[in-house]
Amino acid sequence: MDTILPTELVEAARKVIDANRIAGRRVAVAESCTGGLVSAALTELPGSSDVFDAGFVTYSNDAKMDVLKVSLDVLETFGAVSIAVAWSMAQGVLERTKADVAVAITGIAGPGGATENKPVGTVVFAQAIRGADPKHVVADARHFEDNGRGGIRLQAALCALDLLMPSPEAPVAEEPDPA
């Protein structure tokens, strides 16, 4: 396949596209520290437009507020790399797209930007599903090995793609009756 992206990333994206196509789901992402890497992987695949709805790269706090409507209070209270911000980003994606599921990624890829409580390699993910109870937060903070900025971004993108996979109990879209 003609790609500039790592094979493992493109293969993970292929699984996401194929599984969501079967499930009849559209997906979207909000990326900060991955800078569009997840969107790039999903769009490497011909025909992915029937599954991938949109990707937002909201790197700055201003972009998170302006584009995804993350509140200043949430950013100031919890910081950009937090479950609260990732959850707000994921909800913002659902409000601005026709996607059935959205995943948000925010983190510290390094080499700078770290704090004592949030070292380089800290990445937070959130998943939002259209129609789900908004009180049911699906989010996780991970601490990836600091194997360089590119390595952290790749690990984060792979994790985000995994969150875009339909769960085994997810309903499968019915094929239309040809009659």
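Reply: Phe125 is buried, with a relative accessible area of 1%; buried means under 20% relative accessible area, exposed over 50% and partly exposed in between, with a 1.4 Å probe and protein chains only. The model is predicted, and local features need pLDDT of at least 70, side-chain atom pairs count only at pLDDT 80 or more, while totals for chains, interfaces and linings use all residues. Residues are numbered from 1 along each chain as its sequence is written, and side-chain values use heavy atoms, with hydrogens and water left out.

Phe144 also counts as buried, at 10% relative accessibility. Rings of Phe, Tyr and Trp (its six-membered ring) pair if their centres lie within 6.5 Å, with planes under 30 degrees apart taken as stacked, over 60 as edge-to-face and the rest as tilted. By this rule the count is 1 aromatic pair. The ring centres of Phe125 and Phe144 are 6.2 Å apart and the planes stand at 85°, so this pair is edge-to-face. Because Phe125 belongs to strand E4 and Phe144 to the loop between E5 and helix H6 (149-163), the pair ties together parts that are 19 residues apart in sequence. Helices (H or I, at least four residues) and strands (E, at least two) are DSSP runs, numbered from the N terminus.

E4 belongs to an open sheet of 5 strands, with mixed pairing and the order E2-E1-E3-E4-E5; two strands pair if DSSP finds at least two bridges between them. Strands E2 (52-57) and E5 (138-143) are at the edges with a single partner strand each, so one side of each has no neighbour in the sheet. On average, and with direction ignored, neighbouring strands of this sheet are turned by 15° against each other. Axes are lines fitted to C-alpha atoms, for helices over the stretch in contact, and angles run from 0 to 180 degrees between N-to-C directions.

Strand E3 (residues 101-107) pairs with E4 (residues 122-129) in the antiparallel sense over 7 bridges. Across this pairing, Ala104 has Ala126 of E4 as its bridge partner, and Thr106 stands opposite Val124. E1 and E3 run parallel and are joined by 5 bridges, with Val29 opposite Val103 in E3.

In a regular strand the side chains alternate between the two faces of the sheet. Both faces of E3 are covered: Val101, Val103, Ile105 and Gly107 on one side, and Ala102, Ala104 and Thr106 on the other, are all buried.

Helix H5 lies across E1 (27-31), E2, E3, E4 and E5, running at about 35° to E4; contact means heavy atoms within 4.5 Å. The axes of H3 (residues 61-68) and H5 (residues 83-96) come within 9 Å and cross at roughly 35°. Lys64, Val67 and Leu68 of H3 make the contact with Val85, Ser88, Met89, Gly92, Val93 and Arg96 of H5. By class, this contact has 5 nonpolar, 2 polar and 2 charged residues, where Ala, Val, Leu, Ile, Met, Phe, Trp, Tyr, Cys and Pro count as nonpolar, Asp, Glu, Lys and Arg as charged, and the others, Gly among them, as polar. Glu95, found in H5, counts as exposed at 60% relative accessibility.
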